[in-house]
Amino acid sequence: MEWVDIGVNLLDAAFDKDREAVLERAWAAGISQMILTATGLDECTAIQAQCATDPQRLFCTAGVHPHGARHWNSESANDLRLLAQADCVRAIGECGLDFNRDFSPRPQQLKALEQQLELAVELGYPVFLHEREASDTLVGILRDFRDRLPAAVVHCFTADRQALYGYLDLDLHIGITGWICDERRGTHLQPLVRDIPAGRLMLETDAPWLLPRTLSPKPKNRRNEPAWLPEVASMVAACRGESLELLAEHTTATAREFFRLV
Ligand SMILES: [Zn+2]
């Protein structure tokens, strides 16, 4: 079985000591390719340099996370346009809205998101979206852009049925993480993943965060890594009443098409 992890924060300091070993474990676990998530313009160059070390297997996004939206200024769209030219960049993002933590004022989150969506339209790139407690607002904005956007994935989906149906009605893709393995806050996702059609579902670890709580034994450092993607997949497959093989087949094909990996 081959898997694509569509969300890995590989340049996070948690991986500084053993990044190469983390990659080796991922390949050994059946991860065939991964998308490195960019959260700010300042890290894009380093992420792209990492992708250049393994151009068949490492790809990335380029964009500004809603937490960093307060840094978005009149130069940012131009800077991002240039950074997005690299061949390893396969989506704009992660960008979006986070009304849970509100690390950036909401008007600035909206502005940064809209300008990144404009850029995705201009460049013909798909979008890697982050949303927390802002699904109604995000659906409203995407409705205006959807006809012109090639594709968009709501990564690390954690919201409710109404939000899911809002996104699916806009023909968006959905990224599922180990949140679904969390018996304290993720069980509502378990019946919901059945409703995501094959062809719209992709899997991600969001490593180093969101270590699947079903993992046994748990790694001592509590750090998540892409090699644990099959643990997320096992839960998703069980919830969908689907074999792991079938889940691997369609989620991998979907990711390869979405991020143009073939
Ligand atoms: Zn995110």
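## Strands side by side

Let's start with a pair of strands: β7 and β8 (residues 201-203) run parallel and are joined by 3 bridges. Within this pairing, Ile176 has Leu203 in β8 as its bridge partner. Keep in mind as you look around that this is a predicted model.

Strand β7 also pairs with β6; these two run parallel as well, with 2 bridges between them. Here Val153 stands opposite His173 in β7. Together, β6, α6 and β7 form a right-handed β-α-β unit.

## Both faces of β7

In a regular strand, side chains alternate between the two faces of the sheet. Strand β7 (residues 173-176) is covered on both faces: His173 and Gly175 are buried on one side, and Ile174 and Ile176 are buried on the other.

## The nonpolar core

Ile174 and Ile176 turn up again in the largest nonpolar core, which has 81 residues; they are among the members that touch the most others, as are Met34, Leu36, Phe157, Tyr167 and Ile180. Helix α8 (residues 229-240) gives the most to this core, with 7 residues. Another core, of 13 residues, lies apart from it and includes Phe59, Ala91, Ala151 and Phe258.

What does Ile176 touch, leaving aside residues up to four places away in sequence? Its contacts are Phe157, Val193, Ile196, Leu201, Met202, Leu203, Glu204, Val232 and Val236.

## The zinc site

Three residues supply the protein donors of the zinc ion: Glu94 through OE, His130 through ND1 and His155 through NE2, at 2.1 to 2.2 Å from the ion. Glu94 belongs to strand β4 (residues 89-98), while His155 sits in the loop between β6 (152-154) and α6 (161-169), so this pair ties together parts that are 61 residues apart in sequence.

## Salt bridges

The structure holds 18 salt bridges. Asp182 takes part in one with Arg185, where the closest N and O atoms are 3.0 Å apart, and in one with Arg213, where they are 3.7 Å apart. Arg213 is in the loop between β8 and α8 and Asp182 in the loop between β7 and α7 (189-192), so the pair links parts 31 residues apart in sequence.

Asp182 is buried, with a relative accessible area of 3%, whereas Arg185 is partly exposed at 39% and Arg213 is partly exposed at 31%. Through shared partners, salt bridges join Asp182, Glu183, Arg184, Arg185 and Arg213 into one network.

Note on methods:
Residues are numbered from 1 along each chain as its sequence is written. This is a predicted model: local features need pLDDT of at least 70, side-chain atom pairs count only at pLDDT 80 or more; totals for chains, interfaces and linings use all residues. Side-chain values use heavy atoms; hydrogens and water are left out. A nonpolar core is a set of buried Ala, Val, Leu, Ile, Met, Phe, Trp, Tyr and Cys residues joined through side-chain atoms within 4.5 Å. Buried means under 20% relative accessible area, exposed over 50%, partly exposed in between (1.4 Å probe, protein chains only). Helices (H or I, at least four residues) and strands (E, at least two) are DSSP runs, numbered from the N terminus. Contact means heavy atoms within 4.5 Å. Donors are N, O and S atoms within 2.8 Å of the metal (3.2 Å for Na, K and Ca); water is not among the atoms, so sites may look incomplete. Two strands pair if DSSP finds at least two bridges between them. A crossover is right-handed if, with the strands pointing away from the viewer, the path from the first strand over the helix to the second runs clockwise. A salt bridge is a side-chain nitrogen of Lys or Arg within 4 Å of a carboxyl oxygen of Asp or Glu.
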